[in-house]
Amino acid sequence: MPWLSILIAVPVLGSVGVALLPKGADKLAKQLTLAVSLIVLGLTIAMAVQFSPGSTDRFQFAETYRWIPSFGVHFGVGVDGIALVLIALSAVLVPIVVLASWHDADAPTAKRSVKAYFSLLLLLEAMMVGVFAATDVFLFYVFFEAMLIPMYFMIGSYGGAQRSYAAVKFLLYSLFGGLLMLVAVIALYVIADKGTFMFPELIGAITDPATQKWLFLGFFIAFAIKAPLWPFHTWLPDAAAQAPAGAAVLLVGVLDKVGTYGMLRFCLELFPDASKFFTPLVLVLSVVGIVYGAIVAIGQTDMKRLIAYTSISHFGFIAMGVFAMTANAASGATLYMVNHGFSTGALFLIAGFLIYRRGSHHIQDYGGVQKVAPVLAGTFLVAGLSGLALPGLSTFVSEFMVLIGTYERYVVPAIIATSGVVLAAIYILWMYQRVANGPTAEKVQGMRDLDSREKWVIVPLLALIVALGFFPKPILDVINPAVDKTLANVSVTEFKPAVPAVAEPKGAGE
Amino acid sequence: MTTHYLVLSVLLFTIGAVGVLIRRNAIVAFMCVELMLNACNLAFVTFARQHGNLDGQIIAFFVMVVAAAEVVVGLAIIVTIFRTRRSASIDDANLLKY
Amino acid sequence: MGETITFWVLAVVSVSAALGLVFSRKAVYSALMLGAVMLSLAVLYAVQDAPFLAAVQIIVYTGAVMMLFLFVLMLVGVDSSDSLVETIRGQRLWAMIAGLGFAVLVALAVGNLVVAPPTGLAGATQGAGGNVPAIAELIFTRHVFAFEVASALLITAALAAMVLAHRERSRPKPTQKVLARARFLSDHPSPLPGPGTYARNNAVDMPALLPDGSISELSVNRVIARHEAEEGGLPEDPKLAEAIRQAVEEESK
Amino acid sequence: METAEIIQGAGGAIGASWLMIALPLLGAAILLLGGRRTNGWGHLLGVAMSLGAFVVAVLSFVQMLGLDDSRRRQAVELFDFIPGMVKMGLLIDPLSISFALLITGVGSLIHIYSIGYMSHDPDRRRFFAYLNLFVAAMLLLVLADNYVGLYIGWEGVGLASYLLIGFWQHKPSAATAAKKAFIVNRVGDFGLAIGIFTIWTTFGSVAYGPVFEVAGEADQGVLTAIGLLLLLGACGKSAQLPLQSWLLDAMEGPTPVSALIHAATMVTAGVYLVVRSGAIFEAASTAQFVVTIVGVATLLAGAIIGCAKDDIKKALAGSTMSQIGYMMLAAGLGPVGYAFAIAHLITHGFFKANMFLGAGSVMHAMNDEVDMRKYGGLFSVMKVTAITFGIGYLAIIGFPLLSGYFTKDGIIESAMHVNPVLGWLAVAGAGITGFYMSRVMFMTFFGKRRWAPDAHPHESPAVMTIPLVILSIGSVFLGAYLILGNRLMLFLAPAVGRPADLPGFHPFSAPGLTTLALVAVGAAIAWAKYGRAEVPQVAPRGSFLTTFARRDLYGDALNESLFMRPGQWLTRIAVFFDNRAVDGLVNGLAAGIGGTSGRMRRLQNGFVRSYALSILFGAAMVVGALLYVGTL
């Protein structure tokens, strides 16, 4: 049962189907899109159920078809723990985003047809599944670049005031990274000369440290731009602020995860020595990203830009987790990718609702929403709390694992990163106070509370956040074996406590 | 003696080239091009004699044929432009620019 | 010995003619200068064992191509001399630098190549019995394909000239009936006064007088008027001179 | 420090002790998610859940009393939270059960009290949801068997206090106070988090049992670091000196909140952490000493602040801060002090909650007037509140035979043994406590009536006074019950160990008598200034010391100038830098490319002769290149 090919094919067919609908059938287009995305979700769940975490072979549901024989390029798809979890994330987010952007596309500002927006959305979903499922480096690169196009159009023609500026900046930034990566991919193929692009064969193919460093840089810069690490981050706030809420969720929730996923999967395994060589640099960049992102987030006046900067800070955490190269840190980083998708997704959607009601991005135009729309303010608070990683919510588990994992090997970056936790409290609560607390601003008086559609959007997300917060074990059981296999290839010294306490307390049970 | 001929041919060629650059009248520029062609023919003939095979002369002959065809078409263009623009200056036809 | 003398004489003649071509104000003088260069080259060909080429040069090149130039000069306007003032900034200076640079470089190249004495074409042409049969033999054996392509080229060039210079009638050729009707609709159905009619002298450059004594502008000949206005050959009668001057200004507007 | 082994797989009530957390959590969930429908019976559900938890706690306590000492530490295995790192479970031992009893007991009383207090508030349902959430989080904090569980409870309690302080969200001051409380707590949590990381990296586990067994073997430096970090966390939560600024602002919340959270339970979490990690602190003596110093410093600071506050709740908050200073001091004295710290904690929980609720009923009567200068002579009007408040007052200043006397005297006594300087400072603190508590008492209930014109105070309804009575009974007898015969010390021994020689209670020791004398002097001064004399309506310009105290020892000013202003300044720079430098660089690059291409475009100027010129230059360069290559 070729699960992954189906998972990629269904959204593409859906997208084409939606595109071919007659001109005026906007409502039908939305319903069809929702149906297709729900089918994809169903298929993903069916696949996930059959996924056996403990199995020995690296990629499950693996399929390889020869695509360009002369170059040894295969349409190779396969899923291990990490990829499965991220595919599940995108499969969950897309229907929610479709539901959330029910009216986003037909707002007066949008020139393009509603149909186009939703077909782009489905196309994007196909590529998201593809990029995480690709086990062929070339195929990964193709999806890595192809994803930009639908997102470019979604920001470009459906976004806010300076949408074209933001869209072009996003595209150029990612393309620049992509081209560097293309050079590295080709060089990898040529130097390894295994005659194939299949990832499992290429692991450990490059031995000479100098080339490893160059190839690593080629891959790493592309991923550092994609998951914005500190110096390459300026495109994200613009893109996220100008994109419609739904597109912003997918942009920050899933597209940027490709960067960190790429680091974990490709940078670490293909170039272990170079990764170890560059680890201090990456740690510095991510720690700077954490603190810098948080501080700039505090200073923002535009709501969506603030959330974008917070996710830059969160990406700093993920990158730190990936490059700390301990089991806890890496599985924490992977879990963080999933949780961040839900928590920032929820934040963006709620910001989208607020902006849709009030019409202004600026935080000071709000005030006292809690009095007028308590449910909206309540969900905003819970989403915010998941943003500042409150224990009991999912982001705490991942952040805790990343920090404790990094602490095992690098004490100072971990301590500085933990200060990010305090900064997170400041920017979230300050934003919440300016929006929800205090006397109700006169423009906010008429704001209506969440209607049933919006409830259907937010409640599943918050339920997931709380559920994963209390009981993250099922997800971690899927991630841990995959992470252990990844780190095995990186041959890193295992962490041993100074004074090993006996894990099981001795007392004999009654 | 061959180098003399070649130097003469270079001189004539350069004068032709500079003529093309300096004169604004289309016809004079065109004549300078003809001068450059003749200079080349001289060089061809010189080399023919130098190497003792007739290829040089044959190529000179063909150069003349081509020059003739080129003059015919060039002058036709100049006449048409003159008829519409009432001026034969090259610099007036400068619309194809930034 | 004779060859060096002819070379030096002709070299000086051709270079000065070339300079004359470039720097003369009137286009016709340039054409003649070019003719001189071509003729001196023809002689040089003859000197360099290329009698056929010399003949072709004189007959085809100078005879036909140069004449074409003169024809076009006539069409375009003999005296449309353009001033030598340079319009593009820095063009002249850079042209000189580029030309000089080019000449020096090529001359350098030519200068330091070690050249054996010319082997002369005697051997090559002996077999075929003379220069022209040898060339003919070569053209029609090895280069016959180039020859055919050249002929095709010439035909295309001829057609091209015809097509370019051809002017399509945008309106049907006015028949005699149409002209007669138009004449009677216009303000002077009677034929226009011939030049010099009712005038004291019947020279072509004299504007005609209408029956009421006033001057008919139609009868002033543009080219001659312009010539006389510039060269100062205006008729004494002030009225006529004034009419010619008016015609020139109005034409030059 | 030898403690009993932890016995796995407890049965009976203790086995079901996870219900203690689940019930209030369930209550909070139902009330929050239920929305409008639960308005009618919302508060009753809240109280029921809290009482349910109390019942389970009592049953576990009774079952524990049935077991002999060595089997009193029962562990309840819950679920595997983070595979390979944290197994979530509950540790029911004398220490945690005493806390659980205090929390659920006082909590339930306060739930009942707030039925009356919040009766007119439209959002009552949400208030009870948050109270339940708080009880659940606090119980998780005290019952968890590992540091991560404690951390989750720790932040959960911080969240609950944020929600409750900022309950009246439309008041900007409440919202700011709530935000400030959460952020300062978060700074404390930052320390606690890094402490937990260090524990994990040194011991490879975060569960209490395994860690405390090998605590001694780790090297001294690491242990001291862990100790200090845990202390930083404790200071954040218990409003000790470096991080105490939020407690006084937290009075913005409704009074039951102040009573429950900022008097009885949450602020004692820091003491619980220090006592629970006793093994670590004993191994790191420097850290332990620092705890005592922080305790004494906060003790004095709280007392001084208490003297200058006119707002009754802020005065009580100041006294809470100083009483917790006492507990921290006791907790820092090692095994001998733990029992006294917990005892004082429990008795303080009772009489401080009693006084806060008393203050609440006074405010309720004087339609929410908080300024004591507008009170006066309320004794005659509000008999029950006055008497219960009086009992609480007598208990806190350490009036002989009341609960405060036993516990505070015990602390001073054991402090004397360990370090006389600390002891005498504690005695001075007791004196100042005598002064400011009497000041509060006299200004509120005695002297001339300084009521506002429209104030006509009346006694609070029964639902509010009954909890007051119960709490006052507790604050009378509890002290004696716990201290005499070292009953609490023996009870806690399996959990926290016990000193070699049991310190009997001997009232007539030197420090004991001097404390009583100082307290009497303080009370007299207060009587002279506030009881008899005319209390001015408007606060007179006090001396340097009073303004120093009124401004909370410039704690806030210090925080603002050290952190808040530079923080804002840093944010502005960072935003500017981000827009200009990083973004500027990118846009500059784009503009640069745009500019050069604009200029290059001009080369195409339409003149054939310019193009011819470039061709000639090209030719010349080609010939030059050929020459150059030729001559190589």
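Predicted model: local features only at pLDDT ≥ 70, side-chain atom pairs only at ≥ 80, totals over all residues.
Mentor: In it, the contact takes twelve residues from chain D and 13 residues from chain B.

Trainee: What makes a residue part of the contact?

Mentor: Heavy atoms within 4.5 Å. Twelve residues of chain D and 13 of chain B count on that basis.

Trainee: How much area do chain D and chain B bury between them?

Mentor: About 1100 Å², with 65% of it on carbon and sulfur atoms. On the chain D side, D:Phe607, D:Arg609 and D:Leu616 supply 48% of the area buried against chain B, more than any other three residues.

Trainee: Why is the pair D:Arg609 and B:Asp91 called a salt bridge?

Mentor: The cut-off is 4 Å from a side-chain nitrogen of Lys or Arg to a carboxyl oxygen of Asp or Glu. D:Arg609 and B:Asp91 meet at 2.5 Å, N to O, so the pair qualifies. The count between chain D and chain B is one salt bridge.

Trainee: Which helix gives the largest share of the side of chain D that touches chain B?

Mentor: α25(D), with six residues. That side of chain D divides into six nonpolar, three polar and three charged residues.

Trainee: How do you know that B:Cys40 is in no disulfide?

Mentor: A disulfide needs two cysteine sulfurs within 2.5 Å. The nearest cysteine sulfur to B:Cys40, that of B:Cys32, is 14 Å away. Over all chains, the count is zero disulfides.

Trainee: Are B:Cys40 and D:Cys307 buried, partly exposed or exposed?

Mentor: Buried means under 20%, and exposed means over 50%. B:Cys40 is at 28%, so it counts as partly exposed. D:Cys307 is at 18%, so it counts as buried.

Key
Residues numbered from 1 in each chain as written. Chains lettered and ligands numbered in written order. Heavy atoms only, no water. Buried < 20%, exposed > 50% of the residue type's maximum accessible area, 1.4 Å probe, protein only. Buried area = accessible area lost by both parts, 1.4 Å probe. Helix = DSSP H or I, 4+ residues; strand = E, 2+ residues; numbered from the N terminus. Nonpolar A, V, L, I, M, F, W, Y, C, P; charged D, E, K, R; others polar.
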